[in-house]
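Reader: I would like to learn how to read a strand and its surroundings. Please take me through a case.

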Amino acid sequence: MRVAAIQLNSTADMAANLKRARALVVQARDRGAELVGLPEHFAYLGPEDKNPPSAQPLDGPLVREFGTLARELEIFLLLGPFPETAAANQPFYNTSVLLGKDGGILAAYRKIHLFDVDLPGGPRYQESRFIRPGREVAAAPLPGTPFTAGLAVCYDLRFPELFRALVGLGADLILLPAAFTLATGRDHWEVLLRARAIENQAYVVAPAQWGRHSPGRHSYGRALVVDPWGVVLAQAPDGEGFILADLDHDRVARLRREMPCWQHRRLC
């Protein structure tokens with residue numbers, strides 16, 4: 001299965017962001033991608049955190065419009081997280097949605113681990129001011145393929161127990177859209193993605209935000225596709241665009257058979 005991971009530089013101009021996202025999805029499909037992933041905050045990444053224009057329910061225009069696009073292109077389409085409105089006067093969830101080739105929702109994942117950090121010499125983030133954490137892991141088979149996709153988001157990358165839980169649900173392909181900070185991305189992004197792929201013997205597809213979005217917001221980029229041996233199959237350069245990689249399910253099955261780490265676990 002050919003996959004594409006899109007890299008965007010989303011800003012406060014939501015209309016422009018969506019136009020660019022749609023164009024790149026179409027281009028990736030035209031290059032043979034059967035699954036296309038958009039990064040975290042693909043619709044809006046501006047200075048407004050309390051009432052962002054991208055906030056909406058799961059049955060709102062973002063999911064409807066991109067569901068139509070997935071159906072028209074006959075692809076699996078990952079919508080990187082957007083602020084999901086779930087209840088009146090309650091904080092948003094940061095929710096990623098996996099759409100099937102029929103445009104319907106295969107899985108929705110509300111980000112569990114919130115990014116509350118004070119980086120030395122860098123910006124301070126407190127995602128929990130406006131976002132509430134999810135509680136459930138999410139994985140779903142991709143109909144017509146041998147793969148089962150598990151969902152994670154950005155800061156989740158630092159919590160290996162989540163990925164173990166996804167493998168327990170059958171995942172052999174992890175989709176991790178992100179807006180990784182420049183300060184942490186330079187040292188941690190690639191090594192953590194490769195670690196999660198190796199220890200779970202799974203493919204990892206990580207669409208990414210890149211560049212400066214608004215004052216104080218700068219993402220690292222370098223979208224990646226990593227195979228279950230930890231080999232980087234594709235990496236995005238700086239700038240907007242997409243990367244492509246071909247995934248071989250037989251390789252997952254063979255590696256898990258030859259090195260049965262899951263069966264060798266002792267501390268569970």
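Reader: Which residues of strand 9 lie on one side and which on the other, and are they buried or exposed?

Author: In a regular strand, side chains alternate between the two faces of the sheet. In this predicted model, strand 9 covers residues 148-151, with Thr148 and Gly150 on one side and Ala149 and Leu151 on the other. All four are buried, so both faces of the strand are covered.

Reader: How many bridges join strand 8 to strand 9, and how do these strands run?

Author: Strand 8 (residues 139-141) runs antiparallel to strand 9, and three bridges join them. Ala139 has Gly150 of strand 9 as its bridge partner. The two strands form a hairpin with six residues between them. In that turn, Gly144 has a positive phi of about 85°.

Reader: How does strand 10 run relative to strand 9?

Author: Strand 10 (residues 173-175) is parallel to strand 9, again with three bridges. Leu173 in strand 10 stands opposite Ala149. Between the two strands the chain passes through helix 3 (residues 160-168), and this β-α-β crossover is right-handed.

Reader: Now the surface. Which residues form a nonpolar patch?

Author: Trp229, Val231, Leu233 and Met259 form one, with about 370 Å² of accessible area together. Val231 is in the loop between strand 14 (224-226) and strand 15 (232-235).

Reader: Why is Val231 called partly exposed?

Author: Because its relative accessible area is 36%, and partly exposed means a value between the 20% limit for buried and the 50% limit for exposed.

How values were computed
Residues numbered from 1 in each chain as written. Predicted model: local features only at pLDDT ≥ 70, side-chain atom pairs only at ≥ 80, totals over all residues. Heavy atoms only, no water. Buried < 20%, exposed > 50% of the residue type's maximum accessible area, 1.4 Å probe, protein only. Pairing = 2+ DSSP bridges. Right-handed = clockwise from strand over helix to strand, strands pointing away. Patch = residues over 30% accessible without salt bridge, like charges linked within 9 Å, V, L, I, M, F, W, Y side chains within 5 Å. Areas by Shrake-Rupley, 256 points an atom, 1.4 Å probe, with all protein chains shown as cover. Salt bridge = Lys/Arg side-chain N within 4 Å of Asp/Glu carboxyl O.
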